[in-house]
Amino acid sequence: SEFGTYQDAVKYLERNGHRVLTRLSTVQAENPYINQDYFQKLDKPEYNQSYQEKRVANHARQFETLQQCANYLGNEDPTSKYAYDFVIRIREDVAFNSTFDINPLLPILRSRTSKSVVIGSDCRTHGGINDRIAFVSIGAAFKYFTLPFQRYRYSKKPLNKFIFNPETFFYQTYLSNKVNTINSKFVRYVKKYVRDRNGKPVPANNEGFPCWCPGICKKSR
C-alpha cells in the first residue's frame with residue numbers, strides 16, 4: 001500500500017471527493033470454517049494437504065468478506081434506499097494498466113431485460129468466472145455478495161461435479177440462483193500485481209508479457 005494505515009487511505013479518498021462507507025478495515029476470520037465437500041473437490045491434487053487447507057481457508061475468507069460487503073448495500077433491495085446505477089467489486093491486488101472504458105458495459109448493466117447480471121473478465125476464467133473484478137447490476141448485487149458464503153457455510157446440498165476451484169464455485173452458485181454471468185473481452189486487461197524487491201508494483205508471473213492471457217492468446221494467433 002502507498003498509505004501507512006487504512007485510515008490514511010480513507011482520508012485521502014475523502015479529500016478527493018469520494019464517500020467511503022468502510023471507514024474501518026474488515027477483520028477476517030483467523031480460523032475460518034473448512035467445508036469438507038469443497039475441500040475434496042478442489043483441483044491441484046498434486047499439492048499436499050497442508051497447502052490445500054491454507055488454500056481453502058483463503059477462499060473461505062474471500063467468501064466471508066464478500067458477505068460483509070452486502071452490509072453496505074443497506075437493504076436486500078438497495079434501489080429502495082440508494083440510487084446506485086451498478087456495483088463494481090475489485091480485488092485489492094489487481095489493476096488496469098491503462099484507462100478503463102466502461103461504456104461498452106453500461107447497456108447491459110442498465111438494461112431492464114437483464115436485471116440480474118455479473119460481468120467479469122474473459123481471461124483466466126478456469127471454467128467459471130474470474131474473481132478479480134466484477135461489474136454487477138443493481139438487481140444482482142445482494143445475491144452476488146451473499147450467495148457464495150451462504151452456500152459454502154450453510155448449504156446442506158452436495159456441491160455438483162462441475163465445481164473444482166473458486167471460479168467454478170462462483171459460477172455454479174450464481175447459475176443455480178438465476179444470476180446471469182458474462183465473461184467479457186472488455187474487462188480482459190485487469191492484471192494481478194505484486195511488489196518487486198524495491199517495493200515497486202509489477203505484473204505478477206507472466207502477466208507483463210504480450211501473450212499473458214491463456215486461451216485468449218491462442219485463439220488470436
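Which element of the protein chain has the lowest mean pLDDT, and which the highest? Color this predicted model by pLDDT to see. Helix α7, residues 216–220, has the lowest mean, at 58. Helix α6 has the highest, at 96. Where pLDDT is low, the predicted coordinates should not be read in detail. Over the protein chain the mean is 83, and 86% of residues reach 70 or more.

**Stop 1: α3 and α6**

Select helix α3, residues 49–69, together with α6. Their axes come within 11 Å. They cross at roughly 40°, and the crossing is right-handed. Now show the side chains at the contact. From α3, pick R55, H59, Q62, F63 and L66. From α6, pick P166, F169 and F170. By class, this contact of α3 with α6 holds five nonpolar residues, two polar and one charged.

**Stop 2: the cavity**

Keep F170 selected; this residue of the α3 contact also lines the largest cavity. How many cavities of 30 Å³ or more does a search of the whole structure find? The search finds one. The volume of the largest cavity is about 50 Å³. Color the lining by class next. Seven of its residues are nonpolar, one is polar and two are charged.

Definitions and conventions
Residues numbered from 1 in each chain as written. Predicted model: local features only at pLDDT ≥ 70, side-chain atom pairs only at ≥ 80, totals over all residues. Heavy atoms only, no water. 1 Å grid on protein atoms, 1.4 Å probe; cavity = no way out; pocket = protein on both sides within 12 Å on 5 of 7 lines; lining within 4 Å. Points joined across faces, edges and corners; volume = space filled by probe spheres on them. Nonpolar A, V, L, I, M, F, W, Y, C, P; charged D, E, K, R; others polar. pLDDT = per-residue confidence, 0-100. Helix = DSSP H or I, 4+ residues; strand = E, 2+ residues; numbered from the N terminus. Axes fitted to C-alpha atoms, helices over the stretch in contact; angles between N-to-C directions. Left-handed = near helix turned anticlockwise from the far one by under 90°. Contact = heavy atoms within 4.5 Å.
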